[in-house]
Amino acid sequence: MDMTTESQSLSDALGQIQAEVDSLFDALLPVPQDTRARLVEAMRYAAIGGGKRIRPLLVVATAELYGVDRNQAVRAGCAVESIHVYSLIHDDLPCMDDDDMRHGHPTVHKTYDDATAVLAGDCLHAMAFEILSDPDMSGDPFVRAQLVECLAKASGKDGMAGGQMMDIVAEDEDYDLHTVTRLQQLKTGALLAASVEMGAILGHVPPEGRNHLHAYARDIGLAFQIADDLLDVEGDEEKAGKALRKDEEQGKQTFVTLMGADKAREQARALVDQAIGHLSGYGPEADLLRSIARFIVERDR
């Protein structure tokens with residue numbers, strides 16, 4: 001596949017998953033005709049029409065390797081995205097990163113208020129597990145239980161939330177490269193890895209058969225964060241739709257501050273090549289996963 005064809009195929013795939021995720025969120029979040037309306041409106045504001053939907057696309061792309069029904073995969077992807085969106089709502093709060101803009105729009109607490117934002121995040125967190133535990137997710141209760149376990153682990157103290165705590169403390173700590181790598185494996189990498197693993201779970205791939213997918217996910221997770229660090233230093237705030245240069249202002253150690261921009265960029269590309277190498281056992285059916293890996297270091301927001 002040449003680069004132009006690959007870029008168009010990925011663009012089409014992103015457009016399709018964005019539409020599917022938005023449609024499912026719309027169906028899952030009808031606005032009630034009572035005083036809960038403001039809460040659900042805030043959830044819809046955060047969840048519909050924003051973000052690249054990389055995590056749901058990873059679920060779908062992995063699941064399709066094993067012939068999984070696309071609707072099932074999209075539902076699982078929507079659960080991951082619910083966790084991701086909740087984390088962004090909470091991260092943007094004044095008690096955390098205190099951001100005013102997200103995806104080019106005012107953040108939830110700015111559009112509504114802090115209390116509504118907290119509750120909207122809480123409800124999206126809960127909704128993720130409602131989606132995964134619903135029989136519509138899978139007729140196999142063991143698959144549903146594995147999906148819940150996978151996403152719960154990736155979301156908690158040994159995953160995203162633990163990484164966020166390390167990031168908060170980073171302002172007062174002098175982290176080395178090993179610690180920054182661990183922080184980002186938890187804060188950013190855990191949900192990306194869960195997205196790939198959940199696709200494999202839907203495909204009934206046993207744990208011992210997922211090692212190459214774990215390795216792929218680990219490498220793209222680190223590459224993703226290195227690209228984010230580079231964008232924070234070199235990116236365009238208008239394209240990013242959020243404030244940049246915050247890590248430098250807060251004195252946090254990042255891949256860029258520890259390695260320098262050129263070496264960080266070189267490392268990200270090496271990780272992508274390595275990630276693609278882990279898919280060598282597949283043919284064209286894994287081209288979308290390969291394209292996602294390349295996109296991670298080439299994106300401009």
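Predicted model: local features only at pLDDT ≥ 70, side-chain atom pairs only at ≥ 80, totals over all residues.
Start with the core. The largest nonpolar core holds 89 residues. Those that touch the most other members are Leu-58, Leu-151, Met-198, Leu-202, Tyr-216 and Ile-292. Helix 9 supplies the largest share of this core, with 11 residues. In soluble globular proteins, nonpolar side chains tend to be buried together.

Now take Ile-292. Leaving out residues up to four places away in sequence, Ile-292 touches Leu-10, Ile-54, Leu-57, Leu-58, Ala-61 and Tyr-216.

Tyr-216 and Ile-292 also take part in a helix pair. The axes of helix 10 (residues 211-234) and helix 15 (residues 287-298) come within 8 Å. They cross at roughly 25 degrees. Angles under 35 degrees count as roughly parallel, so helix 10 is roughly parallel to helix 15. On the helix 10 side, the contact uses Tyr-216, Ile-220, Ala-223, Phe-224 and Ala-227. Helix 15 brings Leu-289, Ile-292, Ala-293, Ile-296 and Val-297. The residues of this contact are 10 nonpolar, no polar and no charged.

Helix 8 (residues 160-169) is next. Its buried residues are Met-160, Gly-162, Gly-163, Gln-164 and Asp-167. What covers them includes helix 4 (70-91), helix 7 (141-155) and helix 9 (177-202).

Arg-102 sits in strand 1 (residues 101-102). Is Arg-102 buried or exposed? Its relative accessible area is 17%. Buried means under 20%, so Arg-102 is buried. Arg-218 lies 116 residues from Arg-102 along the chain, and their C-alpha atoms are separated by 26 Å.

Terms used:
Residues numbered from 1 in each chain as written. Heavy atoms only, no water. Buried < 20%, exposed > 50% of the residue type's maximum accessible area, 1.4 Å probe, protein only. Helix = DSSP H or I, 4+ residues; strand = E, 2+ residues; numbered from the N terminus. Contact = heavy atoms within 4.5 Å. Core = buried A, V, L, I, M, F, W, Y, C linked by side-chain atoms within 4.5 Å. Axes fitted to C-alpha atoms, helices over the stretch in contact; angles between N-to-C directions. Parallel < 35°, antiparallel > 145°, perpendicular 65-115°, else oblique. Nonpolar A, V, L, I, M, F, W, Y, C, P; charged D, E, K, R; others polar.
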